Amino acid sequence: MRPDRSRRAADVSVGVIFVAVPRFEQEPDPVFWRLNASLAYDRRLASHDARASRAHARALLGAGVLTAAELERMLAGLDAVERELEEGAFTYEDSDEDVHMAIERRLTEIVGPLGGKLHTGRSRNDQVATDLALYVAERSAVAIELLASVLGTLHGLAERHRDWRLPGYTHLQRAQPVSLGHHLLAWFWMLRRDVDRFGAAGRAAAVMPLGSGALAGLNWPLDRDTVAAELGFDALVENSIDAVSNRDFALDYLAAATTCATHLSRIGAEIVLWSSDEFGFCRPGEDYSSGSSIMPQKMNPDAAELLRAKAPRVQASFSTLIGILHGLPLAYSKDLQEDKEALFDAVDTIELCLQALDGMLAGISFDRERMAAAAADDLAAATDVADLLVRRGMPFREAHGVVGGLVRHALEHGVGLSEIPASELGRFSELLDDEYYEVLTEGAWLDSKVSRGGTSSEAVTHQLGLAGASLADLGDER
Ligand code: ARG
């Protein structure tokens, strides 16, 4: 439904509807109304709008726009509005163009014409930028909370599987064995960086646009610092034109969400591979799997598949917003209204995916024997044999060639490297003796990786400590 402009203009006298538009003679076309109205989605900002309105009302007292008694009535009215919002009792009218108009209309219904004073010294341009900044700051903090939970789960999993062996891959070919704890910690650090990115988005959103008016500033000496402090902002946007044009904080959130969703996608992809019969390394719990409508034996890793697939959707939201901002002249244009659906979809998607990853990881099980068997092929220790020759004085490049010859020999004879008899080793290099077999003992390949960040049990234990400490540091981002 669109508004009846004549009714609005008439009702303004009794203070029920405050947007009198005598400037217009024609009603808005219903199609235009559908295009222009944002109420269907921006109602998500209702509580932020009410909070910001409360702080603004207080500033209006300081500026002499409201008396103390009027402020009290207005705050009581805003309380009532907030209560209705919390209880789900707030009714939107189809004739409300957006959430800001809806809240002001309802306030005016409750407190009468006094409600019409709330919009003094404020424009929807600085209002919507402020509501959105509050929202982005809030959702950044939520993303960090959800990440913190996933990180805790991953840290526990890594601890419990610190010395389980599996092949590490490059080019999806078995490369060198690693410990499962080591691999899970790779996921941990990937997501730990996302915490910093969401933290940066939250800080970008902590700068208050309100008090900038439509674009040029206000005729009223509003105490912006006090308003900012009341709303939890760290600072003020120092330029009123920038304040109403800027959506970088939303872009920062979307960039963080895009990178995070990409990480979830890579983790999902690994879980899908690992849970196939071909790998058989892991199995998500039944509570995060589904069956097949036709094949009774199937248990599909749907959650992991969906984590894999959601990333482009979040990236599309980033593309939408950067596309909207691209080439857009300052200051406010209605284009900016299009920021919301993209942002909201990304928020919903990333929050759901983070919860799903956490839930799936809580019930995942790993097959120790399968992974160990896949990691047992001693060709994976070829680099370790080369390093043995290097310790005996051979340049690495030459050692690489010698071991290449050993590998070819082993493959031609259908044996492992450790099955080449000692009597034949001399053909490849005089520097090879019994230590060759020690290097090829299972487990020796892992524990030889002593470098910091490597896969030896000592290095992984050290890394678990660092990861645990960085979990404790998350407090700084929150
Ligand atoms: N619904 C609008 C938005 O989301 C609010 C700001 C409208 N400003 C204006 N000058 N029409 O961007």
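Predicted model: local features only at pLDDT ≥ 70, side-chain atom pairs only at ≥ 80, totals over all residues.
Exposed here means over 50% relative accessible area, buried means under 20%, and partly exposed is in between.

View 1. Start with H171, in the loop that links β1 (165-170) to β2 (173-179). At 75% relative accessibility, H171 is over the 50% mark and so counts as exposed. Its phi is near 55°, a positive value in a residue other than glycine. L172 is in that loop too, and its phi is also positive, near 55°. Why does L172 count as exposed? Because its relative accessible area is 53%. As background, most residues other than glycine have a negative phi.

**View 2. L273 in helix α11.** L273 is part of helix α11, which runs over residues 248-274. With 33% relative accessibility, L273 counts as partly exposed.

View 3. L215, I241 and L330 make a nonpolar surface patch of about 280 Å². L330 comes from the loop between α12 (302-325) and α13 (339-362), and its relative accessibility of 63% makes it exposed. There's something else to spot here: the peptide bond from L330 to A331 is cis, with omega near 5°. A331 belongs to the loop between α12 and α13. For context, most peptide bonds are trans.

View 4. Follow α13 from end to end and its end C-alpha atoms are 35 Å apart. That agrees with the 34 Å its 24 residues should span at 1.5 Å a residue. Is this helix mostly covered or mostly open? Mostly covered, with 18 of its 24 residues buried. Now zoom in on D339, which forms a salt bridge with R247, the closest N and O atoms being 2.8 Å apart. R247 sits in the loop between α10 (240-245) and α11, while D339 is in helix α13, so the pair ties together parts 92 residues apart in sequence. Both R247 and D339 are buried.

View 5. The structure holds 27 salt bridges. One of them joins the side chains of E84 and R106, at 2.7 Å from N to O. Since E84 is in helix α5 (residues 68-87) and R106 in helix α6 (residues 99-111), this pair ties together parts that are 22 residues apart in sequence. E84 and R106 are both buried. Elsewhere, R427 pairs with E424, with 3.5 Å between the closest N and O atoms. Here R427 is exposed at 61% relative accessibility, and E424 is partly exposed at 25%. Finally, go back to E84 and R106: along with E93, D96, R105 and E109, they are joined into one network by salt bridges that share partners.

Notes:
Residues numbered from 1 in each chain as written. Heavy atoms only, no water. Patch = residues over 30% accessible without salt bridge, like charges linked within 9 Å, V, L, I, M, F, W, Y side chains within 5 Å. Areas by Shrake-Rupley, 256 points an atom, 1.4 Å probe, with all protein chains shown as cover. Salt bridge = Lys/Arg side-chain N within 4 Å of Asp/Glu carboxyl O. Helix = DSSP H or I, 4+ residues; strand = E, 2+ residues; numbered from the N terminus. Buried < 20%, exposed > 50% of the residue type's maximum accessible area, 1.4 Å probe, protein only. Expected span 1.5 Å × (residues − 1).
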